Number of protein chains: 2
Amino acid sequence: MIAEIISIGDELLIGQVINTNASRIAQQLHDIGISVRHIRAIPDDSQEIRSALDEAFARAEVILVTGGLGPTKDDITKHTLCEYFGSSLIFHEPSHALIKKLFASRGLEETELNRKQAEIPDNCTPLLNHHGTAPGLWFEKEGKILVSLPGVPYEMEAMMQQDVLPRLSIRGNDQVVAHKTVLTQGIGESFLTVMIREWEDNLPPHVKLAYLPQPGIVRLRLTAFADTREKAMEEIDRQIETLRGLIPDMIFGFGNDTLEEIAGRMLKEKKLTVCTAESCTGGYLAHLITSVPGASEYFLGSVVAYANQAKIDLLGVSDVTLKQHGAVSEATVKAMAEGALKRFGADYALAVSGVAGPDGGTPEKPVGTVWIALAAPGKTEAQKFRFGEHRGRNIRRATLSALNMLRLAVLDSR
Amino acid sequence: MIAEIISIGDELLIGQVINTNASRIAQQLHDIGISVRHIRAIPDDSQEIRSALDEAFARAEVILVTGGLGPTKDDITKHTLCEYFGSSLIFHEPSHALIKKLFASRGLEETELNRKQAEIPDNCTPLLNHHGTAPGLWFEKEGKILVSLPGVPYEMEAMMQQDVLPRLSIRGNDQVVAHKTVLTQGIGESFLTVMIREWEDNLPPHVKLAYLPQPGIVRLRLTAFADTREKAMEEIDRQIETLRGLIPDMIFGFGNDTLEEIAGRMLKEKKLTVCTAESCTGGYLAHLITSVPGASEYFLGSVVAYANQAKIDLLGVSDVTLKQHGAVSEATVKAMAEGALKRFGADYALAVSGVAGPDGGTPEKPVGTVWIALAAPGKTEAQKFRFGEHRGRNIRRATLSALNMLRLAVLDSR
C-alpha cells in the first residue's frame, strides 16, 4: 500500500513549528509495511486542502492528514473535509463524554468551544481522543482511506496506536521490505565509509545502505527486500554480523536505541550506580540519563559545578589544582569525577569540563576542547576531545562521548 | 515571490529523520517576505526528484532543495540535477581548498570521496561550504531559481545566511506581510481563547491570529498585511498592547525568545545569580539555563539530587523532613531550595521535586504532581502543580513553570 501524509498548518510553512508528526506517522506506517512516497505541508486554506486531497487520492491508497482540528477559529480542517465528502455535522456523545472527563480531571468545566469539538461529519467513523478534545475522523471513498488526526503530537500518537495502525494492518499488503539501523558513536561519516567500503561494495542488490549522520553519532540504515519479512530481516542480520567484525567498539545499538538507554540497561542488569559532575555540559548529561524511565534505579545524582567555587565547595576540587591547571584540564576533570564518586557513593562517576563556546576559548584551549573523566573506586581515567565551534553541538557531542565511555566501562566490568 | 521547499531523502519518508531543515528554511524565507506555499519530502530516487522539480517549477519562482549531496553512494541529488539542467561536472578549486582545510583542522587527510565533492555542474554558481564538504549549487532557468543545499543542518544554515538569503533579498518582492508571535506560559489554549475572545473577535480583517500550543507554552501568532512592512508591524504592535492589558503576567516574550533567555537576560541586567536543586527534572532545568551562551555570568550550578540520600548529603534536607513529608512535598522542596541557596551562595535557588512517571505515583501523589520552590535570602515560596501522565512532558512543563516563577520574581525585585 502507498500512503501520503498531508500536514495542514500555516505555522509549518512559516517554519514556526517543526513537522515532527509527519516523521512519526511515516515511521509507524513504514513499520507495518506501508510505504510513504510523499509528505506535504500545506497552509490552513480550504482551496489548498482540497487540491492536496485530489492529488493525494490520485496517487495513494491511504492518506493521513494532521492539523487544523483545534477549537479555535483558524482550525478549518473539519469543515473543509465536510464539504469535500458532502457531510453534515452530528453530535458524537462518546467524544463529548471524553471531553467532559478531561476537563473534570483538571478540576475544570468544559467551554462551549470544546463542546463543539464533539460534532463530527455524519459519513465518517470517529476515533476517540483520550488525551485531548478533537476526535479523529476516518473516511473511506472508493476503496481508499483518509484519516484526519489532531496536530497535537501526543494526541495524534495515541490515536495512531489505538485505532489507525491496528485498522490499517489488517488491510493487507503486497510489498515486503525490512529495515534495521545500526548506531555508531565516535567516528565521522567519511572515515567510517572508508573502513567499511569493501563490505558496502559487496552488498547484494536487494540490500541498500544509507548513512544518517548526526553530531556525535552516525546511523547506518540497512534496507532489504524479500518474499517475506523474516527473510528480509535474516539477510539484514547476516550483513550486520559482518559489519560488527569490522567496527566492533563503535556499534552501540540499533534502531531507536539511545546511548542513555543502553548504558542505563547495562547498569541496571549489573546492579551498578552512576553519578555525574558537570561543568560545560551544564546538566545535559544528567538530563539524558534521567530521561529514561526508571533511571532512579541506577542514577544517584549530579553536581553541575558551573562556577569554579562550586567545583571547590561541592566536589572538593582543590583551589591549587584549579589555579595550576585551570578548569578545563585532566587534573581538574579527574578531581571532579573522584569528588562526585565519593559524595554520591556511586560505582561510577562521569565528569565533563570543557569550553562549550562561543566565548571562553584561548589559543591553548580553543572552543570545543573538552576533558571527560570516568572514575570507579581506585581507578580514574580521562580523555581529551576536540569538538567544533557550536555550543549546542559541543554539549551534545561531549555528553554522548561521556555516555559511550561509561558504556564501554560497564561492558568490561565483572 | 512564491517558494517551494523540496527535501530529498528516504530517511524522511520512513520517519527516521525529522525534517527540521524545511522548517528553518521556511522561517528564513518568510522573514524576507518570500511565501512558502508547499513543503515536500520525496525519496532518493531520480525519477521522483525530476517530477518534483517539474511540479515546483510550474508553481513557484524559488525552489530550495536539501539533501543528497553527501560523499556516499546513496547521495544522488547532484547527478540528478546535472541531468535535469544538462550540465557536465567540473572541478571547483575553491571548494576543494575548503575541504582540505576542514580535514587539516581536525588533523586528518581528505579522502578520495570527499575530493570528488568539489566537482560541480558547469552551469551553476557554487556556494562555498565553510562547515562541511559539499558545496551548494545555485541554478537559474527562465527567470526562476533553484538552490541545492546540503542536508546537514548547520551546513545548510550557514549557507542560507551567507549566500542564499542575501541573494534572494535583492530580487525584490511585491507582497508585504508581517508576523509577530506572543509567547505565554501558565494557561491552556481553551482558557486563553475565552479570556481574549472579545479582542480576537474585534481584530480587523487584515490581521490574523493563530494559536500554537506546546506543552507548557501557548504561542499566539499575529499576521498583518499592509502596503509596507512598517505599517503592518505597527498594526501588530497596537494589537499586542491591547492583548497585554488582558493577560499581563502570562506574556513572557516574543518570537523565538525562550524563558531561559528572558530570565537569564534579566538576571544579568540586575547582576543577580541563580542555582538549582533538582529531583524529577533530573538536570533539565540546569541544561536549559546553560544552553544560553554566557550563562556562567548568572548561573552558579545545580545539585541533581535524584536519590534521597543525595538530598540529605548534598542539600542538607533533614532525614526527618523526608520521612514525615516524603520527597514530593512542600517541606522537602523548600528545604532543597534553601540548601542549594546556602551551598552555592546565590541570590535565588529554584528547586523541583515531583513524580515524573511513568512509575512512582500514588493515590495522594499521582504521576504529574510536582512541587516547585523559589528561595531568596530570607524568603522561600513554593507552589504545587498537577501536570499530566507523560514523563518527558512533565519534565518540560515543570522546568518551564520553574523558569516562569524565577522570571516573575526577578521582574519584581528591587
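This is a predicted model: local features need pLDDT of at least 70, side-chain atom pairs count only at pLDDT 80 or more; totals for chains, interfaces and linings use all residues.
**Notebook: strands, contact and domains**

Next I looked up a residue pair across the two chains. Ile39(A) has Ala41(B), in strand 2 of chain B, opposite.

I then turned to the contact between the chains. I found 74 residues from chain A and 73 residues from chain B in this contact. I sorted the chain B side by residue class. The side of chain B that touches chain A holds 35 nonpolar, 27 polar and 11 charged residues.

I moved on to the domains of chain A. The assignment lists domain 1 (2–169), domain 2 (177–254) and domain 3 (259–412). I checked one spacing. Between the C-alpha centres of domain 1 and domain 2 of chain A there are 35 Å.

Then I followed strand 11 of chain A. Which strand pairs with strand 11 of chain A over nine bridges? I found strand 9 (residues 177–185) of chain A, antiparallel to strand 11 (residues 217–225). Within this pairing I looked up Leu183(A), and its bridge partner in strand 11 of chain A is Arg219(A).

Strand 10 (residues 207–214) of chain A also pairs with strand 11 of chain A, in the antiparallel sense, over eight bridges. Here I picked out Tyr211(A), which has Leu220(A) of strand 11 of chain A opposite. Last, I read the turn. The hairpin of strands 10 and 11 of chain A has two residues between the strands. In this hairpin, Gly216(A) takes a positive phi near 90°.

Terms used
Residues are numbered from 1 along each chain as its sequence is written. Chains are lettered from A and ligands numbered from 1 in the order in which they are written. Two strands pair if DSSP finds at least two bridges between them. Helices (H or I, at least four residues) and strands (E, at least two) are DSSP runs, numbered from the N terminus. Two residues are in contact if their C-beta atoms, placed from the backbone, lie within 7 Å. Ala, Val, Leu, Ile, Met, Phe, Trp, Tyr, Cys and Pro count as nonpolar, Asp, Glu, Lys and Arg as charged, and the others, Gly among them, as polar. Domain bounds come from an automatic or database domain assignment.
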